[in-house]
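Trainee: Could we go through this structure together, one question at a time?
Mentor: Gladly! Have a look at it, and then ask away.

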Amino acid sequence: MVDARRAWIVFRAVRNLPVSVLALGWARAHGATFTLGDDLFVEASGMPRGTYGRGGTTLGNVWLHGDLGGPARRRHELKHADQYALLGTVPFLALYGLNALVTGNRPHRNVFERWAGLADGGYERAYDGTGTAASGSDRTRTARTATSSSA
């Protein structure tokens with residue numbers, strides 16, 4: 001099992017390398033601080049608002065954000081890196097964008113955000129499994145995410 005996990009980590013890093021290099025260049029140009037994990041996933045933190053989307057953006061194996069670190073959010077973003085690796089950069093971005101258009105850019109309805117884990121991603125409300133908010137607004141996010149978001 002350990003060998004299969006390590007093989008996946010290396011495959012994901014290699015498959016995501018082209019877009020990851022671009023993301024690292026972008027992050028460096030905007031003053032990010034880098035942290036490389038054992039899983040070859042790079043956290044580029046301390047970036048100014050407007051240099052990443054929402055509360056943070058993952059491009060390949062690089063997570064761009066301001067100050068939203070933490071293990072739960074990292075788990076969520078790492079799953080996006082898996083999505084890049086499984087689908088390829090261009091298909092993933094096209095499908096994610098199409099899904100955002102179809103769902104009105106509501107994260108709880110976006111299949112990629114759901115797969116990455118809504119709670120780990122900082123989406124506050126509980127959902128009933130059908131893409132419908134159990135109660136309240138379907139755009140509610142945690143206060144920490146909302147205040148740190150670039151959007």
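Trainee: Which residues are buried in α4?
Mentor: Before we start, this is a predicted model, in which local features need pLDDT of at least 70 and side-chain atom pairs count only at pLDDT 80 or more, while totals for chains, interfaces and linings use all residues. Residues are numbered from 1 along each chain as its sequence is written, and side-chain values use heavy atoms, with hydrogens and water left out. Helices (H or I, at least four residues) and strands (E, at least two) are DSSP runs, numbered from the N terminus, and buried means under 20% relative accessible area, exposed over 50%, partly exposed in between (1.4 Å probe, protein chains only). In α4, the buried residues are Phe 92, Asn 99 and Ala 100.

Trainee: What arc do they cover around the axis?
Mentor: The arc is taken from the directions that run from the helix axis to the C-beta atoms. Phe 92, Asn 99 and Ala 100 are the buried residues of α4, and they sit on the same side of the helix because their arc is only 100°.

Trainee: Which residues are exposed on the other side of α4, and what covers the buried ones?
Mentor: Contact here means heavy atoms within 4.5 Å. The cover over the buried residues includes α3 (71-87) and α5. On the other side of α4, the exposed residues are Val 90, Leu 101 and Val 102.

Trainee: How far apart are the end C-alpha atoms of α4?
Mentor: The expected span of a helix is 1.5 Å times one less than its number of residues. For the 14 residues of α4 that gives 20 Å, and the end C-alpha atoms agree, being apart by 20 Å.

Trainee: How many aromatic pairs does the structure hold?
Mentor: Rings of Phe, Tyr and Trp (its six-membered ring) pair if their centres lie within 6.5 Å; planes under 30 degrees apart count as stacked, over 60 as edge-to-face and the rest as tilted. By that rule, the number of aromatic pairs is five.

Trainee: Why is the pair of Phe 92 and Tyr 96 classed as it is?
Mentor: The ring centres of Phe 92 and Tyr 96 are 5.8 Å apart. These two residues are four apart in helix α4, so about one helical turn separates them. Because the planes of Phe 92 and Tyr 96 stand at 55°, the pair is tilted.

Trainee: What kind of pair do Phe 92 and Phe 112 form?
Mentor: Phe 92 lies in α4 and Phe 112 in α5, so this pair ties together parts that are 20 residues apart in sequence. Both Phe 92 and Phe 112 are buried. With 5.2 Å centre to centre and 85° between the planes, the pair is edge-to-face.

Trainee: Where is Leu 40, and what is its phi?
Mentor: Most residues other than glycine have a negative phi. Leu 40, in the loop between β1 (33-36) and β2 (42-45), is partly exposed at 28% relative accessible area. Its phi is positive, near 65°.
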